[in-house]
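Here is a short briefing to read alongside your model. Keep the viewer open and follow along, topic by topic.

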Amino acid sequence: MATNITWHPSLTHWERSLLRHQKGFTVWFTGLSASGKSTIATALEQHLLHNDYAAYRLDGDNVRFGLNKDLGFSPADREENIRRIAEVALLFADSCTVAITSFISPAKKDRDLVRKLHEERGLEFVEVYVEISVEEAEKRDPKGLYQKARRGEIQEFTGISAPYEEPREPEVLIRSAETAVDEAVKQVLAVLDEKGLLRREKQEGGMEER
């Protein structure tokens, strides 16, 4: 780690929140491949954007075309993958954008680290577990990945040859096999609203309205 660097302070998160009239936070979707987490995350992003909230989705596959294209799927690379995305999500959240991530993120310790990083910076972290059985995920398998994993063509595949540690107390639990996409989005929005994360921040005459 570099030691000859200095942190340069800027606007506070609260100042940005007042200027942008919204809160910044991270919604972290986790679940097996083919659970539907990316589909729900995309629908959530669209809903927020259509309602004039700044939001951006970070997708597990997409980031491997650029930011994380040097990483594979070994335990060490998976850990680094999540660490990098955590830092990117933090930047978005600190800028008062809603960061929406959809990553398998199979290791509890990695997800716990992401939560801790948010807590240390005073930013909200909402974990959404899109639950599905391996059997149901295999039936969907839109990319044919489970079949390849069963044939041994893909190593370290979560749910087949690598473990997935289920979240114990996620803020939102979506049972994918039983829940339509629009209903799943409503579940997430209900929790965001309950936490006051969708409340608009306003400033009139130098006074904060909260």
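A salt bridge here is a side-chain nitrogen of Lys or Arg within 4 Å of a carboxyl oxygen of Asp or Glu. The model is predicted, so local features need pLDDT of at least 70 and side-chain atom pairs count only at pLDDT 80 or more, while totals for chains, interfaces and linings use all residues. Residues are numbered from 1 along each chain as its sequence is written, and side-chain values use heavy atoms, with hydrogens and water left out.

**Salt bridges**

- Searching the whole structure turns up 18 salt bridges.
- One of them links the side chains of R84 and E80, at 2.8 Å from N to O.
- R84 and E80 lie 4 residues apart in helix 3 (residues 75-94), which means that about one helical turn separates them. Helices (H or I, at least four residues) and strands (E, at least two) are DSSP runs, numbered from the N terminus.
- An α-helix has 3.6 residues a turn, so residues three or four places apart point the same way.
- E80 counts as partly exposed, at 21% relative accessibility. On this scale, buried means under 20% relative accessible area, exposed means over 50%, and partly exposed is in between (1.4 Å probe, protein chains only).
- Another salt bridge joins the side chains of K109 and D110 (3.2 Å, N to O). K109 is exposed at 53% relative accessibility, whereas D110 is buried at 8%.
- The side chains of E153 and R151 also form a salt bridge, at 2.7 Å from N to O.
- Through shared partners, salt bridges connect D70, E80, R83 and R84 into one network.

**Helix 3**

- Buried residues in helix 3 include R78, N81, I82, R84 and I85.
- Among the elements covering the buried residues of helix 3 are helix 1 (13-20), strand 2 (55-59) and helix 4 (108-120). That cover also includes strand 1 and strand 3.
- Just after helix 3, C96 has a positive phi of about 70°.

- In strand 1 (residues 25-30), 6 of the 6 residues are buried, so the strand is largely enclosed by the rest of the structure.
- F25, V27 and F29 point one way from strand 1, while T26, W28 and T30 point the other way.
- In a regular strand the side chains alternate between the two faces of the sheet.
- Strand 1 pairs with strand 3 in the parallel sense over 5 bridges; two strands pair if DSSP finds at least two bridges between them.
- Strand 1 also pairs with strand 4 (residues 124-131), again in the parallel sense, over 6 bridges. Here T30 stands opposite Y129.

**A closer look at S102**

- S102 sits in strand 3 (residues 98-102), opposite F29.
- Is S102 buried or exposed? S102 is buried, with a relative accessible area of 2%.
- The S102 side chain makes a polar contact with the side chain of S38 at 3.4 Å, and another with that of D59 at 3.3 Å. A polar contact is a pair of N or O atoms within 3.5 Å; within protein, one must be able to donate a hydrogen and the other to accept it, and residues adjacent in sequence count only if both atoms are side-chain atoms.
- Beyond its neighbours within four places in sequence, S102 is in contact (heavy atoms within 4.5 Å) with residues including F29, K37, A41, R57 and G60.
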